[in-house]
Amino acid sequence: MPREIAICGVLVPGLLPIFLGCLLLMVLVDVLIGRYGLYRYVWHPPLFRLALFACLFGLTGLLLLH
C-alpha cells in the first residue's frame, strides 16, 4: 500500500481510505447494535463506540499494511 495517494493533485495519507472504510463499517455496526438494544449492556456507549472504532481501524490498518 502506498504511503501517499494523489487525489486531484493533492497528496493524502494512504490510511485515509482505510479510515473512511472503517468509519462506514462503524456506522453500520452502530446501527445494528442500537437496533438490537445491545447498548443497554454497555457502561458508557460513546466510549464503547470510540474503542470499537479504534479496534476496527487498528486491525484493518495492520492487516492491510503488513
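**Entry 1: a ring cluster.** I began with the aromatic side chains and found that ring pairs link F19, F53 and F57 into a cluster. I count rings of Phe, Tyr and Trp (its six-membered ring) as a pair if their centres lie within 6.5 Å; planes under 30 degrees apart are stacked, over 60 edge-to-face, and the rest tilted.

A note on what I am looking at: this is a predicted model, in which local features need pLDDT of at least 70, side-chain atom pairs count only at pLDDT 80 or more, and totals for chains, interfaces and linings use all residues. Residues are numbered from 1 along each chain as its sequence is written, and side-chain values use heavy atoms, with hydrogens and water left out.

**Entry 2: the pairs.** How many aromatic pairs does the structure hold? I find four. One of them joins F19 and F53 edge-to-face, at 5.4 Å centre to centre with 85° between the planes. F19 sits in helix α1 (residues 16-35) and F53 in helix α2 (residues 45-65), so this pair ties together parts 34 residues apart in sequence. Helices here are DSSP runs (H or I, at least four residues), as are strands (E, at least two), numbered from the N terminus.

F19 also pairs edge-to-face with F57, at 5.7 Å centre to centre and 85° between the planes. F57 lies in helix α2 and F19 in helix α1, so the pair ties together parts 38 residues apart in sequence.

**Entry 3: buried or exposed?** F53 is buried, at 16%. F19 is partly exposed at 33% relative accessibility, and F57 is partly exposed at 23%.

**Entry 4: a charge over a ring.** Which residue lies over the face of Y39? I find R49 there, at 4.5 Å from the ring centre. The test asks for NZ of Lys or CZ of Arg within 6 Å of the ring centre and within 35 degrees of the ring normal.

**Entry 5: the record.** I checked UniProt, where an unreviewed entry gives "transmembrane region" for residues 7-27 and 47-65; such annotations may be inferred rather than shown by experiment. In the model, residues 7-27 are 57% helix and 24% strand, with end C-alpha atoms 25 Å apart. Residues 47-65 are 100% helix and 0% strand, and their end C-alpha atoms lie 27 Å apart.

Note on methods
Buried means under 20% relative accessible area, exposed over 50%, partly exposed in between (1.4 Å probe, protein chains only).
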